[in-house]
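I set out these entries to record what I looked up, step by step. The structure comes before the notes.

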Amino acid sequence: MNLPPFAALFDMDGVLVDNTDFHINAWIQFAHHNGLTLTREQYVEHINGHVSADSMAYVFGHPLSPAELATRTEEKEQIYRDLYLPHRQPLTGLMDFLDAMRAEGIPMAVGTSAPVSNLGFTLDGLALRPYFATVVDASMVTHGKPDPEIYLKAAERLNMAPARCVVFEDAFAGIEAGLRAGMVVVALATTHTRAELATSGAALILDNFSGLTPASIQQLLPAE
Ligand SMILES: O=P(O)(O)OC[C@H]1O[C@@H](O)[C@H](O)[C@@H](O)[C@@H]1O
């Protein structure tokens with residue numbers, strides 16, 4: 001195969017791993033510990049895919065100071081990691097797809113709203129990091145998703161034009177970030193249903209990576 005140059009940018013949570021329920025339960029527990037209430041619906045609408053600074057401001061009703069944000073974020077993420085650890089595994093079909101992409105020499109990056117502490121847990125814990133030329137996380141951007149900054153930075157680091165990038169996302173905030181970056185978006189129906197994603201602007205909706213080939217992704221891009 002001789003694929004024209006393009007790059008693949010992967011969201012982490014809900015895409016490389018199917019962990020949304022664990023984040024939801026962790027946020028609900030965290031809110032409870034802090035004397036607050038949070039529902040699944042509030043999570044899906046206001047927190048899913050957002051950076052912690054924005055999520056914490058939503059949960060507490062005001063922005064947190066940098067020191068408080070760091071402490072609270074680690075408190076919440078420790079609950080999440082404890083809950084998800086016994087279930088931690090790549091999304092179905094991911095490893096075969098990453099192997100096929102790597103064999104074709106297609107550059108890949110991660111663009112995630114997660115804090116650094118969760119990168120080690122997921123990317124190193126599942127031996128995924130070697131597949132990615134670069135990882136852009138919450139600490140590296142001024143504006144979190146749905147702002148396109150995370151994906152534009154990832155494309156820049158891969159030296160690839162945004163129009164030649166395909167973003168894999170599960171969250172509405174992340175899909176919007178990819179589209180605003182001028183990229184093609186593939187949606188994974190891990191957090192939202194196919195019906196909910198139908199009008200999201202995604203070029204393709206998948207349940208997981210099973211059977212996915214580099215050529216089928218390349219076809220989503222305009223011919224060069
Ligand atoms: O989906 P992404 O961009 O990997 O985002 C990760 C973030 O996703 C949010 O939904 C979680 O509540 C955060 O705790 C997590 O860090």
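How many residues of domain 1 are in contact with residues of domain 2, and how many of domain 2 with domain 1? I found 17 residues of domain 1 in contact with 15 of domain 2. I note that the model I consulted is predicted.

Entry on the contact side. I looked up which helices supply the side of domain 1 that touches domain 2: helix H6 (116-124) and helix H8 (172-180) each give at least two residues. H6 provides the largest share, three residues. By class, I recorded five nonpolar, nine polar and three charged residues on this side.

Entry on the domains. I noted the division of the protein into domain 1 (7-19 + 90-218) and domain 2 (20-86). Their C-alpha centres are 22 Å apart.

Entry on the ligand. I listed 16 residues around the ligand, of which Met12, Asp13, Thr112, Ser113 and Ala114 come nearest. The shell consists of five nonpolar, nine polar and two charged residues.

Entry on helix H1. I looked up residues 20-33, a helix of 14 residues that reaches 20 Å from its first C-alpha to its last, close to the 20 Å expected at 1.5 Å a residue. Its buried residues are Thr20, Phe22, His23, Ile24, Ala26, Trp27 and Phe30. These buried residues pack against helix H2 (40-47) and helix H4 (66-84). After H1 I found glycine 35, with a positive phi near 70 degrees.

Key:
Residues are numbered from 1 along each chain as its sequence is written. This is a predicted model: local features need pLDDT of at least 70, side-chain atom pairs count only at pLDDT 80 or more; totals for chains, interfaces and linings use all residues. A residue is near a molecule or strand if its C-beta atom, placed from the backbone, lies within 6 Å of it. Ala, Val, Leu, Ile, Met, Phe, Trp, Tyr, Cys and Pro count as nonpolar, Asp, Glu, Lys and Arg as charged, and the others, Gly among them, as polar. Domain bounds come from an automatic or database domain assignment. Two residues are in contact if their C-beta atoms, placed from the backbone, lie within 7 Å. Helices (H or I, at least four residues) and strands (E, at least two) are DSSP runs, numbered from the N terminus. The expected span of a helix is 1.5 Å times one less than its number of residues. A residue is buried if 20 or more other C-beta atoms lie within 10 Å of its own, exposed if 12 or fewer, and partly exposed in between; C-beta atoms are placed from the backbone.
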